[in-house]
Amino acid sequence: MPFANPTPYDYLPRRLHPQEIGNPFSVINLFFGWENFPAWREHLDEWKAAAIRPSYNMSNEQTLRTFIRYEFIETLIEAVFMICRLDKSYWTPDSELQHHYKMHGKTFMPDHDEMNNAIGYFNNSHSPKQFQWEAYNLFYLEKEERSNPLRVFYQLWDKYNLPHVRDTLYWWLLVSMDYTCAGDSRGDDYLNKFHRHLQRVIEAAHLIYIWNMEKWPRLYP
């Protein structure tokens, strides 16, 4: 279980720069600019296998890659938390950004009529509303969630809070590297459920990324 009674300070971003706090959607751009969507999904599956299988030993290269990706994922989670916080915040920069999203909401949602115009991923004359490459197909999101990927961000916080997610990510990192496995502590089911939530968040973030890469507002605190 996560640590008890997190303090208000545990909800503050630790990895985000001031510019990213002012516009957390920019973190999504950084996340997929560093590594593509299929690679992130494959990494989560590999990372889960390393934590569940007692005999799975990462190589030095895998260990380094996992640690770097762990930091990127934690940064993304903080950004997702900041995006969802906009609805509850009275801080002036938050309010300005929230107002911009409300006034230009279509910018941040997939458009069914123009879906095949998304940047470089569609353009498939045989099936124009399907990804051209199978590796980019969505596995975890339902139809309604594909139309409104922000809903998936809110669903994460219905199940977890930010300190909980940080704690679980760090636990996952440890059990994948210290020659133990998830079953020795919180259990495989716990990890499987968390893994699914992360896969859903990454799929939703990727939808936002391909539709809105050049359209995000540039508001900073």
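Me: What does buried mean for a residue in this predicted model?

Reply: Buried means under 20% relative accessible area.

Me: Why does phenylalanine 31 count as buried?

Reply: Phenylalanine 31 has 1% relative accessibility. The cut-off is under 20%, so phenylalanine 31 counts as buried.

Me: How do you know whether phenylalanine 32 and tryptophan 40 are buried or exposed?

Reply: By the cut-off of under 20%, phenylalanine 32 is buried, with a relative accessible area of 5%. Tryptophan 40, at 0% relative accessibility, counts as buried too.

Me: Why is the pair of phenylalanine 31 and phenylalanine 32 called edge-to-face?

Reply: The angle between the planes is 85°, and planes over 60 degrees apart count as edge-to-face. The centre-to-centre value is 5.1 Å, and rings pair if their centres lie within 6.5 Å.

Me: What makes the pair of phenylalanine 31 and tryptophan 40 stacked?

Reply: There the planes are 10° apart, with 4.0 Å centre to centre; planes under 30 degrees apart count as stacked. Both Phe31 and Trp40 belong to a cluster linked by ring pairs, which also includes Phe72, Tyr136 and Tyr209.

Me: Which residues of helix H7 are buried, and how do you know that they line one face?

Reply: The buried residues of H7 are Leu150, Val152, Phe153, Leu156 and Trp157. Seen down the helix axis, they fall within an arc of 165°, so they line one face of H7.

Me: What lines the largest cavity?

Reply: Its lining consists of Val152, Gln155, Leu156, His197, Arg200 and Val201. H7 and helix H9 each supply at least two residues of that lining.

Conventions: Residues are numbered from 1 along each chain as its sequence is written. This is a predicted model: local features need pLDDT of at least 70, side-chain atom pairs count only at pLDDT 80 or more; totals for chains, interfaces and linings use all residues. Side-chain values use heavy atoms; hydrogens and water are left out. Buried means under 20% relative accessible area, exposed over 50%, partly exposed in between (1.4 Å probe, protein chains only). Helices (H or I, at least four residues) and strands (E, at least two) are DSSP runs, numbered from the N terminus. The arc is that of the directions from the helix axis to the C-beta atoms. On a 1 Å grid over the protein atoms alone, a cavity is a set of points where a 1.4 Å probe fits but cannot get out, and a pocket is an open set with protein on both sides within 12 Å along at least five of seven lines; lining residues have an atom within 4 Å of a point. Rings of Phe, Tyr and Trp (its six-membered ring) pair if their centres lie within 6.5 Å; planes under 30 degrees apart count as stacked, over 60 as edge-to-face and the rest as tilted.
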